[in-house]
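Hello,

Here is the structure I promised to pass on. Please open it first, then read the notes below it.

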Amino acid sequence: MAVKSAPKKSRCWWFVQLIENLPEDWRDQLHELMLPGCYIVHDRDTRIDDEGLEVPKKPHIHCMMEFGSPIVAASALAAIPEDFNVAFVKPVPNKVGAYRYLLHYDQPDKFQYSQDDITHMAGFKVNISDVYNIDFCDIYDLINQIHVTNFAQMMAFLVEFNPEFVPYVSSHVNLVKTYIMERNRCCL
């Protein structure tokens, strides 16, 4: 006798849809859902056609939605406006990994999208330092490269030129401050 398992539940789900299959006001409709999430329009992707030529893929969106608790696919699909013509959703096992995919971060053979190309909705959060694999070695290199002498100077630089470093530094303030102070004491 086969045992039937419960449907897969997830807090995060995502879908892909061609822009041509979406209503004109799809952006507004997504925001009106008031669900934390994000989306990106992939309009610079290419593929190899039957003749071996590189041709553009049709513009499409990737949209990730985050629910307050784990839900089944049918519930996630029901949350998407009907006129989006979305046939199925997939669970997101890891938000950071999914976000990296939206950027094509780990796929150098694909077009590299910018973080500015992603639109966040309803307070969606992802740790950008985790997305870019930033750790103390990156901060160490930056401090030594630009000769940072105080924490405020470094934060101003990061906010202006490397905002992806800010979450890491913000969660490791004591480590970074101590390194800067000790470096100033012994090396300058």
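What follows is a short tour of what was found. Keep in mind that this is a predicted model.

**Helices 5 and 6**

Start with helix 5 (residues 136-146) and helix 6 (residues 151-161). Their axes come within 12 Å and cross at roughly 105°. An angle of 65 to 115 degrees counts as roughly perpendicular, so helix 5 is roughly perpendicular to helix 6.

Which residues of helix 5 and helix 6 meet? From helix 5 come Ile 139, Leu 142, Ile 143 and Ile 146. From helix 6 come Met 154, Phe 157 and Leu 158. By class, this contact of helix 5 with helix 6 has seven nonpolar residues, no polar ones and no charged ones.

**Aromatic rings**

The structure holds nine aromatic pairs. One of them joins Phe 136 and Tyr 140. Their ring centres are 6.4 Å apart, with 50° between the planes, and the pair is tilted. Phe 136 and Tyr 140 are four residues apart in helix 5, so about one helical turn separates them. Phe 136 is partly exposed, at 21% relative accessible area. Tyr 140 is partly exposed too, at 38%.

Helix 6 has a pair as well: Phe 157 and Phe 161. This pair is tilted, with 5.0 Å centre to centre and 40° between the planes. Phe 157 and Phe 161 are also four residues apart, so they are separated by about one helical turn. Buried or exposed? Phe 161 is exposed, with a relative accessible area of 55%. Phe 157 is partly exposed, at 24%.

Now back to Phe 136 and Tyr 140. Together with Tyr 179, they form one aromatic cluster.

One more ring is worth a look. The charged end of Lys 177 sits over the ring of Phe 151, 5.3 Å from its centre.

**Two single residues**

Arg 100 is in helix 3 (residues 95-103). Its relative accessibility is 10%, so Arg 100 counts as buried, the cut-off being under 20%. Beyond its neighbours within four places in sequence, Arg 100 is in contact with Tyr 105, Asp 106, Asp 130, Val 131, Tyr 132 and Asn 133.

Val 166 is in helix 7 (residues 166-171). Leaving aside neighbours within four places in sequence, Val 166 touches Met 155, Leu 158 and Val 159. Val 166 and Ile 139 are 27 residues apart in sequence and 10 Å apart in space, C-alpha to C-alpha.

Best wishes

Conventions
Residues numbered from 1 in each chain as written. Predicted model: local features only at pLDDT ≥ 70, side-chain atom pairs only at ≥ 80, totals over all residues. Heavy atoms only, no water. Helix = DSSP H or I, 4+ residues; strand = E, 2+ residues; numbered from the N terminus. Contact = heavy atoms within 4.5 Å. Buried < 20%, exposed > 50% of the residue type's maximum accessible area, 1.4 Å probe, protein only. Axes fitted to C-alpha atoms, helices over the stretch in contact; angles between N-to-C directions. Parallel < 35°, antiparallel > 145°, perpendicular 65-115°, else oblique. Nonpolar A, V, L, I, M, F, W, Y, C, P; charged D, E, K, R; others polar. Phe/Tyr/Trp six-rings, centres within 6.5 Å; stacked < 30°, edge-to-face > 60°. Lys NZ or Arg CZ within 6 Å of the ring centre and 35° of its normal.
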